[in-house]
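Here's a quick briefing to read with the model open beside you.

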Amino acid sequence: MISNLRTAFAERILLLDGGMGSLIQEYGIKGANNDMLSIERPDVILDIHRRYVKAGVDVLTTNTFSSQRVSQHEYHQEERIAELNRASVHLARQAADEATDRKVFVVGDVGPTSKMLSMSDDVNDPAARAITFDELEAAYYEQIRVLVEEGVDGILIETIFDTLNAKAALSAFAKVKEELTTPNSSLLTPHLPEVLLSMTVSDASGRTLSGQTVPAFVASVLHANPLSLGLNCGLGADGMVPYLRQMSEVAPCYVSCHPNAGLPNQFGGYDDTPEDMVRLMQPYFDEKLVNMVGGCCGTTPEHIAAMRAEIDRRANEARRTPAETATTLTLAGLEPLVATSFVKVGERCNVAGSRKFLRLINEKKYDEALDIARQQVEDGAMVIDVNMDDGLLETKEEMQTFLNLLASDPAISRVPIMVDSSRWEV
């Protein structure tokens with residue numbers, strides 16, 4: 001029997017489970033903190049996992065989409081993070097271990113929270129942020145550490161609408177991995193899980209909510225050596241096809257997709273039947289775009305069972321081969337930059353090289369300072385250099401403010417940013 005997730009991906013198309021929230025409502029539970037049900041109604045969560053195992057899944061996700069303190073703050077349950085994640089892993093593992101005919105893997109589900117690091121939630125202050133990178137990283141670390149301690153086979157960072165949020169989760173995962181490989185580690189497991197990522201496109205533009213394209217997202221996260229990259233939520237199975245093609249073309253790892261059962265109807269429900277979904281997913285298999293499929297909002301064990309039958313019917317002939325690893329430097333803002341020749345760097349957002357820019361920053365005229373950056377991009381700059389090193393400036397604070405403003409302007413942030421400073425704290 002296959003012992004690890006990476007080997008399983010290499011051998012066949014895997015089947016992920018489907019929706020959790022839509023099924024919970026079937027049990028007469030509404031308006032609940034769904035993650036807390038792992039403690040308060042473990043019978044319900046275990047039954048849902050068992051139904052997905054019976055449907056034929058290879059991978060179960062834990063009921064931990066919101067099991068970090070940023071999301072649980074809304075329910076005043078911040079101090080139960082360890083308990084929440086531990087209970088959820090135990091339930092998923094119990095259901096997985098009941099499969100006697102195959103290995104069922106368990107991945108710890110890590111959601112995006114309701115906060116964004118790349119965009120402001122204050123229309124009057126585009127430089128403001130509702131949370132800092134360090135705060136979000138700490139929240140993810142607390143969650144991921146417990147998931148790893150409980151022995152999950154992988155960490156699925158999913159429904160990524162802001163790549164910087166995912167970076168915070170990846171940084172937290174890296175810290176947990178570092179602890180795990182340190183002699184005399186305090187972590188309670190020797191098991192090193194894989195990391196899987198899945199972004200969500202919010203509409204037909206094919207971009208995340210923060211504005212990043214699929215190829216740019218791939219470039220932004222490959223440093224973490226993910227086992228798989230994928231797409232989930234946002235769209236139905238057919239709406240995913242063009243963006244799956246983009247991801248499949250550039251991702252040098254495995255690719256996953258777990259779409260919604262169509263788009264929400266006027267009542268907030270989802271209308272695609274299991275037969276509809278399998279029909280709409282035919283390009284996934286015909287074009288060999290995926291290595292793992294499953295379902296998101298509105299999908300049920302019946303949808304997953306239909307996918308199981310289709311995967312089995314295909315007899316693995318539709319399995320995707322990962323793209324070759326790029327040998328060319330690839331960077332990303334909201335859009336990718338493949339450095340195949342000379343890279344033109346815009347140098348005018350530099351207080352040491354532009355008296356005008358220095359004056360504008362000193363006078364807090366950020367809109368005019370942004371105009372300089374925007375004009376450089378319009379003139380063909382492929383990267384924007386930003387330097388705030390001046391003895392009369394609060395360098396760290398000015399850099400943070402200006403970078404936040406840049407991130408809020410898609411005309412500028414579509415290109416990569418070069419942070420230029422002689423000070424490490426900057």
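Helices here are DSSP runs of H or I with at least four residues, numbered from the N terminus. By that count, phenylalanine 173 sits in helix α8, residues 163–180. Keep in mind that this is a predicted model.

- β2 runs parallel to strand β3 (residues 105–110), and 3 bridges join them. If you want a spot to look at, leucine 60 has valine 106 in β3 as its bridge partner.
- Further along, strand β6 (residues 228–236) pairs with β7 in the parallel sense, over 6 bridges. Here glycine 230 stands opposite serine 256 in β7.
- Strand β7 covers residues 254–260 and is mostly covered, with 7 of its 7 residues buried.

**Helices α9 and α10**

- Helix α9 (residues 214–221) packs on helix α10 (residues 241–250) at about 40°, and their axes are 9 Å apart.
- Roughly parallel would need an angle under 35 degrees, and roughly perpendicular starts at 65, so α9 and α10 count as oblique to each other.
- The crossing of α9 past α10 is right-handed.
- On the α9 side, the contact uses Val214, Pro215, Phe217 and Val218, while α10 brings Tyr243, Gln246, Met247 and Val250. Sorted by class, that contact has 7 nonpolar residues, 1 polar and no charged ones.

**Helices α15 and α16**

- Helix α15 (residues 366–378) and α16 pack at about 65°, with 11 Å between their axes.
- α15 also makes a right-handed crossing as it passes α16.
- Tyr366, Ala369, Leu370 and Ala373 of α15 meet Glu398, Thr401, Phe402, Leu405 and Leu406 of α16. The class tally for this contact is 7 nonpolar, 1 polar and 1 charged.

**Phenylalanine 402**

- Phenylalanine 402 belongs to helix α16, residues 395–407.
- Its relative accessible area is 0% and the cut-off for buried is under 20%, so phenylalanine 402 is buried.
- Not counting residues up to four places away in sequence, phenylalanine 402 touches Cys349, Phe357, Ile361, Tyr366, Ala369, Leu370, Val386 and Met388.
- Phenylalanine 402 and aspartate 367 are 35 residues apart in sequence, and their C-alpha atoms are 9.9 Å apart in space.

**Phenylalanine 173**

- Phenylalanine 173 comes in at 3% relative accessibility, so this residue counts as buried too.
- Leaving aside neighbours within four places in sequence, phenylalanine 173 is in contact with Ile144, Ile155, Pro193, Glu194 and Val195.
- Threonine 64 is 109 residues away from phenylalanine 173 along the chain, and 15 Å separates their C-alpha atoms.

**Threonine 213**

- Threonine 213 lies in the loop between β5 (194–199) and α9.
- With a relative accessibility of 13%, threonine 213 counts as buried.

Notes
Residues are numbered from 1 along each chain as its sequence is written. This is a predicted model: local features need pLDDT of at least 70, side-chain atom pairs count only at pLDDT 80 or more; totals for chains, interfaces and linings use all residues. Side-chain values use heavy atoms; hydrogens and water are left out. Axes are lines fitted to C-alpha atoms, for helices over the stretch in contact, and angles run from 0 to 180 degrees between N-to-C directions. Helices (H or I, at least four residues) and strands (E, at least two) are DSSP runs, numbered from the N terminus. Angles under 35 degrees count as roughly parallel, over 145 as roughly antiparallel, 65 to 115 as roughly perpendicular and the rest as oblique. A crossing is left-handed if the near helix is turned anticlockwise from the far one by less than a right angle, and right-handed if clockwise. Contact means heavy atoms within 4.5 Å. Ala, Val, Leu, Ile, Met, Phe, Trp, Tyr, Cys and Pro count as nonpolar, Asp, Glu, Lys and Arg as charged, and the others, Gly among them, as polar. Buried means under 20% relative accessible area, exposed over 50%, partly exposed in between (1.4 Å probe, protein chains only). Two strands pair if DSSP finds at least two bridges between them.
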